[in-house]
Amino acid sequence: AEESPSRLGPPLLYLSRYQVVLQRPDKLRILSPGDGPVTEFYYDGKSMAAFAPNENYIARADAPPTIDAALDQAYKKAQIYYPFMDLLDADPYKNVLAGLRVAFYIGESESVGGVKTYMVAYANDHAFVQAWIGVDDKLPRRMRAIYRKDPAMLRHDMDIDDWKLGAPLAAGTFAVPEAAKKALPIPFDRPDDGAAVAEP
């Protein structure tokens, strides 16, 4: 869930849903239905594709050999961003430590994802984050972020569920679907005029 400014003053709330399948070091699929355009992202270690099924557009590009580098390139080249990108890093903990100013333990909760969680909060140069981490499995279950450079202090909430670590994957999980192969090709490029965009 992401708050966005409105003309009336109070923020509007937009909901997004993501289905993420990841296989280290070089396979990723992200399907994104939600309040806005439906998008699909495919990465197979050699190339990446962004597909808009409703509009029937596809953008393709060569890609570096790791998920981290591919997502970094997708952001810099085409402004593709997901709110959970830090969690997909090979070392997510380094993102917490980068510019860390303070971190503290809040307590336990049984209100998120049907499991007992530890509540923690931390602030770095980029954001203030509250996280709910599973007591038994140590997996993130909910995160709330407020970005330091946002004067409106809008909240970004993310629930993370349906974890399936080590689950077998069907052949073709990371392949661009047949429907996308018939889509109109467009450049893998920024949707704006190329002006510099601040990272969220």
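Throughout, helices (H or I, at least four residues) and strands (E, at least two) are DSSP runs, numbered from the N terminus. The model is predicted, with local features needing pLDDT of at least 70 and side-chain atom pairs counting only at pLDDT 80 or more, while totals for chains, interfaces and linings use all residues. Residues are numbered from 1 along each chain as its sequence is written, and side-chain values use heavy atoms, with hydrogens and water left out.

I begin with Thr173, which sits in the loop between strand E12 (156-159) and helix H4 (178-181). Thr173 counts as buried because its relative accessibility is 11%; buried means under 20% relative accessible area, exposed over 50%, and partly exposed in between, with a 1.4 Å probe and protein chains only. Apart from neighbours within four places in sequence, Thr173 is in contact (heavy atoms within 4.5 Å) with Val21 and Arg29.

Next, helix H1. This helix comprises residues 67-78, 12 residues in number, and its first and last C-alpha atoms lie 16 Å apart, close to the 16 Å expected at 1.5 Å a residue. The expected span is 1.5 Å times one less than the number of residues. Which residues of H1 are buried? They are Ile67, Ala70, Leu71, Ala74, Tyr75 and Ala78. These residues lie on the same side of H1, because they cover an arc of only 135° around the axis, the arc being that of the directions from the helix axis to the C-beta atoms. Their cover includes strands E3 (19-23), E4 (27-32), E5 (39-43) and E6 (47-52), together with helix H2 (85-88). After H1 comes Gln79, with a positive phi near 60°.

I turn to the nonpolar cores. Such a core is a set of buried Ala, Val, Leu, Ile, Met, Phe, Trp, Tyr and Cys residues joined through side-chain atoms within 4.5 Å. The largest has 29 residues, of which Leu28, Phe41, Tyr43 and Phe188 touch the most other members. Two or more residues of this core come from each of E4, E5, strand E7 (57-62), H1, H2, strand E10 (127-134) and strand E11 (140-147). H1 supplies the largest share, 6 residues. Tyr43, leaving aside neighbours within four places in sequence, has contacts including Leu28, Met48, Ile67, Ala70 and Phe174. There is also a second, separate core of 8 residues, among them Tyr42, Ile58, Val176 and Ala180.

Finally, the charged pairs. Side chains of opposite charge can pair when their charged atoms come close. The whole structure holds 11 salt bridges, each a side-chain nitrogen of Lys or Arg within 4 Å of a carboxyl oxygen of Asp or Glu.

In one of them, Asp72 pairs with Lys76, the closest N and O atoms being 3.1 Å apart. About one helical turn separates Asp72 and Lys76, because they are 4 residues apart in helix H1. Asp72 is partly exposed at 37%, and Lys76 is exposed at 55%.

Another joins Arg101 and Asp125 at 2.9 Å, N to O. Arg101 lies in the loop between helix H3 (92-97) and strand E8 (102-112), and Asp125 in the loop between strand E9 (115-123) and E10, so the pair ties together parts 24 residues apart in sequence.

In a further salt bridge, Asp157 and Arg144 have their closest N and O atoms 2.6 Å apart. This pair links distant parts of the chain, with Asp157 in strand E12 and Arg144 in strand E11, 13 residues apart. Asp157 is partly exposed at 25%, as is Arg144 at 30%.
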